[in-house]
Amino acid sequence: MSKNAMRQKMANSIRFLAADMVQAANSGHPGAPMGLADIAVVLSEHLRHNPKNPSWLNRDRLVFSGGHATGLIYSLYYLWGYGLEIEDLKNFRQLDSKTPGHPEFGHTAGVEITTGPLGQGVANAVGFSMASKYVAAQVNSDTANLIDHSVYCLCGDGDLEEGISYEACSIAGHNKLDNLILIYDSNRITIEGNTDLSISEDIRSRFESQGWEVLECNGHDYDEIDAAITQAKKADRPVIIIANTIIAKGAGPLEGSHHAHGAPLGEDVIADAKRGAGFDPQKKFFVPEDVLIRFRCAIEEGDMLEREWEHSKKTMPLIEQTEVLEALQNPDFSRIDYPTFDKADATRNTNGKILNAIARGVPSFLGGSADLSPSNKTYLNDMGTFPKGRNIYFGIREHAMASIANAMALYGPLIPFTSTFFVFSDYLKPAARIAALTGIQQFFIWTHDSIGVGEDGPTHQPIEHLSQFRALPNFYVWRPADGAENVAAWKTALEMKKSPSAFVCSRQSLAVVPPAVKGEISRGGYLLASDKDAVITLMASGSEVELALKTKEALNEKGVPANVVSVPCYDLFIEQEQSYIDEMIIPGTKRVAIEAARGLEWYRLADVVIGMESFGASAPATKLFEKFGFTVSSVLEKIK
């Protein structure tokens, strides 16, 4: 059998596995896997990976941005030998199976990152490439390389229509990420029909203008695909391969139709397709033995590649670089010399000093801002610029920034942070959600946290955002009241390896709060001030903690005993056992929460919530706090 004839047999095996999976589940997307099958076969010949060790650092990364192409993804991980079995493919999209509707990192071996929301996978691929460039800059020598892998991403029309892909590809072109290869499944079909309905731009010109090399091939011609990938690996910039394909290739009357995108093909269509390709139409989930042997060669080949790499780490040219790599992979947080704070300051300022302290102690800590580092206070002093240094200039691209950092965190040795104004977290919410869903330890720095933004007005004053992110599972929002809380928050968050954390910081100066009376900041909330036989408990976070303390003083002057509870991390506090919560918030006291935001979630803990009932306004911060009732007199009046 000729090489291309064997390739055809391998591609058809993928097509029919995918079609059978969708048909058995009566749900899914058969069109993309069938259209991409030929590309997948050739890509298999180029991909450097080890099914025995999916976490090998120098493996090629393969991102499926079109997460709906799971029929292809799971077929490949079965065929390559990543541990999936035929029974797993038969359980596609079923409860508790290893083959959910979209790929999930940590759930199915081999999946590099959770994709599904279109476009994010493109940004993730850029993130993997950026991570590799930074690590390579630290550990490669003039004579030998420890990190020299490629990053591949399969994407479709929908991915390139989403704005995040434009943001991410702009960053990739600007940074000349020469190990990034984007394979564009150009089948000109979306759910509603032909792409002519909604898009007419010149993709080639778009990517050339962003600094990419553009190649094109027939996505069903094996020699053209092979030549394109071979050429792409030699490029000095990121490459997009426009692969002209036919959706549902081989599916008879549904070939090329948008009806094949998101629905089963039907038993008769699948049987006819198998018959036409020389497969037994009665056999489902069938892979010829010679096909499986060819795909499973990935196990031995990948194991040998990793063994050679491990051996190279011990050779003389790379011994010193190996030590640097190990330091990146094993951060020692005890080396962080945290600053102390003894005077009023904005928490964006204290947070900036903490970031620099962490960076000095932890070489894998890096990040940047969406063009706001002077305001976010996130610049790492004397740390240089990416790729050799640790300050990343993301530009005004919040969504891509956060998705890129998600991938950088999953790359292995890196601990990334991103930053912007809190109100602009709207632009990156999908990436924050994926971080929480996946359990990615990314650190979000969000400053200008409330109506304290002042003159910038309601467009820049985040009112609902605390509630939004506190509602997100496995996502921890820290709103420190002063520098000491800020330090404790970071110490806690750095140890939370499977969760993202956000630091929501003030623009205005906040007073230093007294030490805890009882409890621990690391548990999300603690008793800050207390009176014997208190009848009121005041709760707050961030800038409103100072207001709560002053309100307590005013109540005491009136003979009313009160307690104050600071809750820098609401999410962590409500996870504590009820006995701890009752120690902090004494049962039987009147419970009042104060926050310059909507604060609806506080009703879980409070009887009364003093919060924002509207958007803000443009004026000096002090005037705004007066206008919206965040003064001692206003609070007293509301709780009287």
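Biologist: In which loop does H448 lie?

Modeller: H448 lies in the loop between β12 (443–447) and α17 (465–470). Helices (H or I, at least four residues) and strands (E, at least two) are DSSP runs, numbered from the N terminus. The model is predicted, so local features need pLDDT of at least 70 and side-chain atom pairs count only at pLDDT 80 or more, while totals for chains, interfaces and linings use all residues. Residues are numbered from 1 along each chain as its sequence is written, and side-chain values use heavy atoms, with hydrogens and water left out.

Biologist: What is the phi of H448?

Modeller: H448 has a positive phi of about 60°, although it is not a glycine. Most residues other than glycine have a negative phi.

Biologist: And is H448 buried or exposed?

Modeller: H448 counts as buried, because its relative accessibility is 4%. Buried means under 20% relative accessible area, exposed over 50%, and partly exposed in between (1.4 Å probe, protein chains only).

Biologist: What about D96: where is it found?

Modeller: D96 is found in the loop between α4 (86–90) and α5 (120–139). The phi of D96 is near 65°, again a positive value in a residue other than glycine. D96 counts as exposed, because its relative accessibility is 72%.

Biologist: Which peptide bond is cis?

Modeller: The bond from F386 to P387 is cis, with omega near 10°. P387 lies in the loop between α14 (373–376) and β10 (391–393).

Biologist: Turning to the fold, how many helices and strands are there?

Modeller: The protein chain has 23 helices and 21 strands. Its radius of gyration is 27 Å, close to the 26 Å that the globule rule gives for 640 residues, so the chain is as compact as a globular protein of that length. That radius is taken over C-alpha atoms, and the rule is 2.2 Å times the number of residues to the power 0.38.

Biologist: How much of the chain is buried?

Modeller: Of the 640 residues, 61% count as buried.

Biologist: Which residues touch the most other members of the largest nonpolar core?

Modeller: They are F365, W490 and F630, in a core of 79 residues. A nonpolar core is a set of buried Ala, Val, Leu, Ile, Met, Phe, Trp, Tyr and Cys residues joined through side-chain atoms within 4.5 Å. Apart from it lies another core, of 73 residues, among them V122, I242, A432 and A502.
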